[in-house]
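The structure is shown first.

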Amino acid sequence: ENCFVPISEIISVEETEVNKRQRNIGKWQKMTKLHAFTVYYVKKARNHRWRCNDVTFWCVDEHLCNQWIQALKELLEMQKSRPKQLLVYINPYGGKRQGKRIYEQKVAPLFSLASISTDVVITEHANHAKDNLFEVNIYKYDGVVCVGGDGMFSEVMHGLIGRIQKDSGIDQNNPKASLVQCNIRIGIIPAGSTDCICYSTVGISDPVTSALHIIVGDCQPLDVSSVHHNNTFLKYSVSLLGYGFYGDILKDSEKKRWMGPMRYDYSGFKTFLSHHYYEGTIAYQPAKHTLGSPRDKDSCRTGCYICKKSEQQLAEQHKDCRLKHEEGEEEWKVIKGKFLAINAVNMSCACPRSPKGLSPAAHLADGSADLILVRKCSRFDFLRYLVRHTNQDDQFDFPFVDVYRVKSYQFTSKLSEDNESNVMDIGKKRFGQFCRDHPACCCNIVNSTWNCDGETLDSSAIEVRVHCQLMKLFARGIEENCKDEAAYSQNSAEQLL
């Protein structure tokens, strides 16, 4: 059986020594001198998993063998998107503390095979990678690789984007500043408790698959949201900004890190039983430049047409705004209410437990976020909503759930709105308020915490803006499932040309 392997998915070509055992096999046994070369290539398997496979070609003509090797190497040299030098940060403490082992055993040999040179930094404390990125010469590298979970990626992202803005003279504390695009790609080698970003951009959390995407030089633009409070920069977010339910889960789980990944299940169950809701006001600007809506069936996939078209329309919209000086007059919509959860996602946030994610039709690079408002409802109804994340039903098909595609939004909690009250009144609200709906629990929680890509933000009043394609990943988005993948993976002979 034959199959076609595109040059873009060949990892490397090497001259191969033909040992005595190989010479004595079958029709080659009479030949005294054999010449061979081995082609290492990407083998696609099920569920978006990639593996490194190889095939060896033999011939008796040394000149012909060298011609093939030279021709294939020249074709590989023409793949200009491939990295040659990478800066690698390894978090040895994340997840199950397997980051260093995963890199050394599964990733480093592949980088070596592809002739990629690396500078490796083992992080020793929180923000080590972020601080280091402000000191090193990042421009000599073709990309930055982080080995760890979503927290490690967030640290590298903040360091890289922050460094680019600093070098460009951009004030990150200005919420209306136009940020400079970061063209240095980030690669994610999943080795943490949660690998949501990797799963949502590659389709699987697998170190070898991610390493191969880096080697072949894939490039996936990614929207980034900037979060501000009172003209002060707080955080960047690429996946989830969650207030209420997901914020409470994170805050409680941070106290139980000794439990490992199980802490999320425990804290989630505990938070569900508490059933807290929070009052506040959300204002947002609709993303009029985007195609489709959060409730359509157009999932973001490799080469997404919606992302490309939305980028073009957003650029035209910004050009018109500059010409007409009407940026301050753009439409804002305001919603007040009591919410169990306020979630804003820049991507689907899919993971193994929730294959569709929080917003199945969210796009990676269309310059918008999907704002999901879950209003106060019964525990049973909220459970129905949560269960929808694990099946194929429309999770927005509830009267207490609203979803909007936005380009910026602001949130202010009820307590922040009442700031004009004197200190004594605020003290009573903070420490003396009993829950009217659940007097038995004696809860005194007035504000929730923001869950920003798995990190806590205590500011209840925030201003968020989506920056279209601010950064790039070594990924290509989730590929469409191919019926031929199974047959592709079983082929034993490869046809190069």
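Helix α5 is mostly covered, with 15 of its 19 residues buried; buried means under 20% relative accessible area, exposed over 50%, and partly exposed in between (1.4 Å probe, protein chains only). Helices (H or I, at least four residues) and strands (E, at least two) are DSSP runs, numbered from the N terminus. Gly169 follows α5 and has a positive phi, near 75 degrees.

The model is predicted: local features need pLDDT of at least 70, side-chain atom pairs count only at pLDDT 80 or more, and totals for chains, interfaces and linings use all residues. Residues are numbered from 1 along each chain as its sequence is written, and side-chain values use heavy atoms, with hydrogens and water left out.

**Overall composition**

The protein comprises 14 helices and 17 strands. Of its 497 residues, 51% count as buried. Among contacts (heavy atoms within 4.5 Å) between residues at least 6 apart in sequence, 78% join residues at least 24 apart.

| Helix | Residues | Length | Span, first to last C-alpha | Expected span |
|---|---|---|---|---|
| α2 | 62–77 | 16 residues | 23 Å | 22 Å |
| α5 | 150–168 | 19 residues | 27 Å | 27 Å |

In α2, the buried residues are Cys65, Ile69, Leu72 and Leu76. Seen down the axis of α2, these residues fall within an arc of 70 degrees, so they line one face of the helix; the arc is that of the directions from the helix axis to the C-beta atoms. Their cover includes the strands β1 (10–16), β2 (35–44) and β3 (50–59).

**The three-stranded sheet**

The strands β1, β2 and β3 form an open sheet in the order β1-β2-β3, with antiparallel pairing; two strands pair if DSSP finds at least two bridges between them. The edge strands are β1 and β3, each of which pairs on one side only. From one strand to the next, the twist averages 20 degrees. Ten bridges join β2 and β3 in the antiparallel sense, and Val39 has Val55 in β3 as its bridge partner. Helix α3 (residues 99–113) packs on the sheet and touches β1, β2 and β3, its direction making about 70 degrees with that of β1. Axes are lines fitted to C-alpha atoms, for helices over the stretch in contact, and angles run from 0 to 180 degrees between N-to-C directions.

Asn343 lies in strand β12 and counts as buried because its relative accessibility is 0%. Leaving aside neighbours within four places in sequence, Asn343 has contacts that include Leu240, Tyr243, Tyr246, Leu371 and Tyr385. The C-alpha atoms of Asn343 and Val374 are 8.3 Å apart, although 31 residues separate them along the chain.

Asn346 is located in the loop between β12 (333–345) and β13 (369–375). With 3% relative accessibility, Asn346 is likewise buried. Its side chain makes a polar contact of 3.1 Å with the side chain of Ser225. A polar contact is a pair of N or O atoms within 3.5 Å; within protein, one must be able to donate a hydrogen and the other to accept it, and residues adjacent in sequence count only if both atoms are side-chain atoms. Not counting residues up to four places away in sequence, Asn346 touches residues including Asp223, Ser237, His363 and Val466.

How values were computed: Expected span 1.5 Å × (residues − 1).
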